[in-house]
Amino acid sequence: MTLSNGRPYLAIPGPSVMPEAVLRAMHRGAPNIYEGELIDMMPALMGDLKRVARTEHHATIYISNGHGAWEAALANTIAPGDTVLVPATGRFGHGWAEIARTLGVQVDLLDFGKRAPVDVDRLEQALRADTGHKIKAVLATHVDTSSSVLNDIPAIRAAMDAAGHPALLMADCIASLACDRFEMDAWGVDVMVAASQKGLMVPPGLGFVFFNDKAAQARAGLARVSHYWDWTARANPDLFYQYFGGTAPTHHLYGLRAALDMIHGEGMPAIWARHDCLARAIWAACEVWGQGGPLELNVADPVHRSRAVTALRIGAPHGSDLRRWVQDKAGVTLGIGLGMAEPGDPAWHGFFRMGHMGHVNAHMVLGMLAAVQAGLTALDIPHGTGALQAATAVIAEA
Ligand SMILES: *Cc1c(COP(=O)(O)O)cnc(C)c1O
């Protein structure tokens with residue numbers, strides 16, 4: 001017998017659950033790309049996108065995943081031979097650094113491991129030591145999706161200001177946007193990258209780069225930016241195709257329009273509060289399970305935990321066994337552990353992640369937690385008792 005028939009739930013940190021409204025908006029024939037609705041909706045769409053980023057500056061859309069947005073941000077601001085400083089708190093920090101290296105950029109890496117946030121004192125020291133201002137940008141990851149570490153972007157800004165360093169502050173908000181609170185302008189972020197398939201609830205395929213005038217000046221100072229990655233015309237197009245450097249991602253735009261309507265209908269502060277409450281319910285359950293067994297939250301201090309994704313350690317082979325059980329028996333797909341051990345190493349099976357970003361509500365989170373509870377019991381993995389009570393108490397208090 002299987003109990004997994006019914007609606008499956010992809011509780012992984014992206015791609016996330018797509019709302020019916022997004023799917024319905026995309027289910028249509030090819031639209032006119034010369035005139036009419038699609039062209040007319042662009043100014044409001046770009047404005048509503050900026051409201052999610054909390055910026056009044058510039059926004060661009062690339063037909064790409066998050067890796068493309070990473071490359072776009074660097075291609076417009078950093079020349080080959082320039083230096084960037086990367087404070088890494090998990091796999092995704094290293095990923096952005098790799099993109100920079102392949103563009104011929106020198107990477108100064110500050111590695112804070114897989115469980116801790118950026119130490120802003122060390123960051124400030126590194127910036128103070130750069131008396132010649134060789135570092136052109138700090139590439140910060142707001143939420144590192146592999147470790148589920150949440151970094152304090154205002155504290156990073158403050159460290160840069162305290163060091164009197166003129167580098168650009170870039171933030172990767174691919175996992176966190178529309179989940180964890182983020183304020184591009186108020187927090188002094190110069191460039192921010194995001195993608196469609198996480199908190200924004202749209203299928204993978206759109207990369208977003210937001211930038212301010214300081215970053216635009218960096219672009220103006222570059223000798224050459226490839227036509228496709230150049231953000232200049234995309235941010236300020238004379239013609240519709242220039243938004244995208246070619247044919248528009250027609251159906252994704254309709255999906256994004258529907259998602260933005262949902263986001264602004266709920267309101268950004270309410271979205272942050274929903275993700276906060278659901279995350280606290282998950283942490284409460286995990287803490288109780290951990291009191292009687294090997295399960296452990298990867299990030300010890302709740303202040304440094306993402307509200308979009310939770311990374312867990314449970315020891316091999318329990319992580320893979322549990323993922324298999326909840327998927328096959330209960331129809332819930334959990335995320336693999338990413339970057340915690342090499343694939344092929346038996347230790348790799350000791351990690352997993354819960355995605356709780358975007359179109360997620362209390363019953364989905366409680367159902368996912370209850371499926372994990374059943375899996376722990378069925379697999380005889382030792383665990384504390386009372387996890388579901390702890391989670392429901394958080395929800396009941398909301
Ligand atoms: C998902 C993610 C990426 C990579 O995005 P892709 O769409 O897979 O290229 C980069 N950074 C963070 C923080 C992410 O969560």
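Let's start with two helices: H12 (residues 318-330) and H13 (residues 362-378) pack at an angle of about 115 degrees, and their axes are 9 Å apart. Helices here are DSSP runs of H or I with at least four residues, numbered from the N terminus. The axes are lines fitted to C-alpha atoms over the stretch in contact, with angles from 0 to 180 degrees between N-to-C directions.

Who touches whom? In H12, Leu322, Trp325, Val326 and Ala330 meet a group in H13 that includes Ala371, Val372 and Leu376; contact means heavy atoms within 4.5 Å. Sorted by class, this contact has 9 nonpolar, 1 polar and no charged residues. Here Ala, Val, Leu, Ile, Met, Phe, Trp, Tyr, Cys and Pro count as nonpolar, Asp, Glu, Lys and Arg as charged, and the others, Gly among them, as polar.

A word on the model: it is predicted, with local features needing pLDDT of at least 70 and side-chain atom pairs pLDDT 80 or more, while totals for chains, interfaces and linings use all residues. Residues are numbered from 1 along each chain, and side-chain values use heavy atoms, leaving out hydrogens and water.

Leaving aside neighbours within four places in sequence, Met192 is in contact with several residues, among them Ala53, Cys173, Phe182 and Phe210.
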